[in-house]
Amino acid sequence: MTAVARVDTAAFARNVERLVARAAPSEVMLAVKADAYGHGMLDLAPVALAAGASSLAVLEISAALALRSAGIPNRLFAWLHGADSDFASAIEADIDLGVSSGRELQAITAAAAQLGRPARVHLKIDTGLRRNGALPEDWPALVTAAASAAAASRVVIEGIWSHLADASVEDDLAAIGVFETALAQAAALGVVPPLRHLAASSAGWREPRARYDVVRFGIAAYGVSPFDDLTAADMGLEAVMTLRTTVAPDAAPDGQCWIAAGYADGVPLAAHGASVLIDGRRCAVDRVEVDRTLVAIADPVDEGSPVIVFGDPTTGAPTAAEWAGWASTIGDEIITGAGARARREVV
Ligand SMILES: *Cc1c(COP(=O)(O)O)cnc(C)c1O
């Protein structure tokens with residue numbers, strides 16, 4: 001057996017239900033970007049909706065179109081646009097579009113004019129992340145332009161939104177202040193859309209004031225905590241992905257064995273202090289190669305013995321969050337990397 005990233009859809013559904021309950025009465029837009037953080041977007045999207053999410057968020061229009069083609073009728077939100085973004089197809093497929101600048105708005109209204117059909121847009125204010133979104137000084141002009149496009153039936157303004165940096169509670173509160181100002185300015189210009197959304201997993205979990213109408217949960221639904229001081233288990237969330245393999249037949253020095261998963265399967269190469277679970281026992285990782293990893297063992301193990309690289313902590317296995325600590329990265333990268341590289345098995 002080579003490495004397998006097993007995706008537990010029942011655990012994912014329970015996580016989504018938990019987040020839906022946490023956010024209520026706000027709705028949940030579930031982020032399924034990056035192929036659902038490596039878990040398989042088309043597999044998990046219907047599960048998220050059945051578990052109570054009301055809409056889905058992706059990065060690019062192309063991913064939203066794939067969801068629509070797969071028959072998903074719910075609101076689909078795409079916000080990362082480039083020179084090659086196909087706004088016309090997005091409008092025809094009723095995709096909600098994030099709008100960060102007057103230039104984006106112009107490109108979208110031009111496509112809407114050609115089709116003779118309005119685009120559904122969510123105007124983005126930059127509340128401090130400086131990744132995209134209109135800067136506060138450019139916000140009134142963007143709102144004014146969107147209002148006149150709405151009057152001309154080129155757009156329907158569905159939302160006003162922003163994204164938080166997931167830094168500290170103080171940063172969240174400062175961003176909420178900027179967001180409130182932007183909402184008030186828009187209202188003064190006559191723009192009061194039905195959906196206001198700001199929070200992702202971190203603020204959506206801990207800060208009720210950031211929830212507004214919709215919380216865009218991502219990483220938490222995949223069973224990885226967005227916090228350093230709170231584990232997924234503390235939050236009542238279950239691991240969704242398990243990266244498993246077996247003890248390889250390759251000869252290893254005394255006191256060591258090879259397992260049949262390496263960095264090509266998503267095992268982080270540069271991790272310090274990492275371990276895996278072999279036969280139910282934690283064993284220290286010595287060296288990661290492309291398709292195998294050398295592990296220290298206290299007692300001899302049989303070829304073919306089961307190995308969990310990360311997964312459900314109740315089995316004693318390390319979590320994706322532990323690997324993130326060992327590899328100085330975030331859990332998102334661990335699961336997204338493994339899910340994209342290892343053979344995926346959705347159960
Ligand atoms: C990824 C993303 C989310 C989800 O973020 P998490 O921290 O994974 O919960 C929400 N909103 C936007 C715009 C995103 O890009």
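Setting aside residues up to four places away in sequence, His 197 touches Phe 77, His 122, Ile 160, Trp 161, Ser 162, Phe 179, Val 214 and Arg 216, where contact means heavy atoms within 4.5 Å. The model is a predicted one, in which local features need pLDDT of at least 70 and side-chain atom pairs count only at pLDDT 80 or more, while totals for chains, interfaces and linings use all residues. Residues are numbered from 1 along each chain as its sequence is written, and side-chain values use heavy atoms, with hydrogens and water left out.

His 197 sits in strand S8 (residues 195-197); helices (H or I, at least four residues) and strands (E, at least two) are DSSP runs numbered from the N terminus. With a relative accessible area of 0%, His 197 is buried. Here buried means under 20% relative accessible area, exposed over 50%, and partly exposed in between (1.4 Å probe, protein chains only). The side chain of His 197 also makes a polar contact with that of His 122, at 2.9 Å. Such a contact is a pair of N or O atoms within 3.5 Å; within protein, one must be able to donate a hydrogen and the other to accept it, and residues adjacent in sequence count only if both atoms are side-chain atoms.

Next comes helix H4 (residues 61-69), where Ile 61, Ala 63, Ala 64, Leu 67 and Arg 68 are buried. Viewed down the axis of H4, these buried residues fall within an arc of 160 degrees, so they line one face of the helix; the arc is that of the directions from the helix axis to the C-beta atoms. Ser 62 and Ser 69, on the other side of H4, are exposed. The buried residues of H4 pack against several elements, including helix H3 (41-50) and strand S4 (75-78).

As for charged pairs, the whole structure holds 15 salt bridges, each a side-chain nitrogen of Lys or Arg within 4 Å of a carboxyl oxygen of Asp or Glu. One of them joins Asp 35 to Arg 344, with the closest N and O atoms 3.2 Å apart. Asp 35 belongs to helix H2 (residues 33-37) and Arg 344 to strand S16 (residues 343-346), so the pair ties together parts that are 309 residues apart in sequence. Asp 35 is partly exposed at 36% relative accessibility, and Arg 344 is partly exposed at 30%. Another salt bridge brings together the side chains of Asp 172 and Arg 206 (3.2 Å, N to O). This pair links helix H8 (residues 169-188) with helix H9 (residues 201-206).
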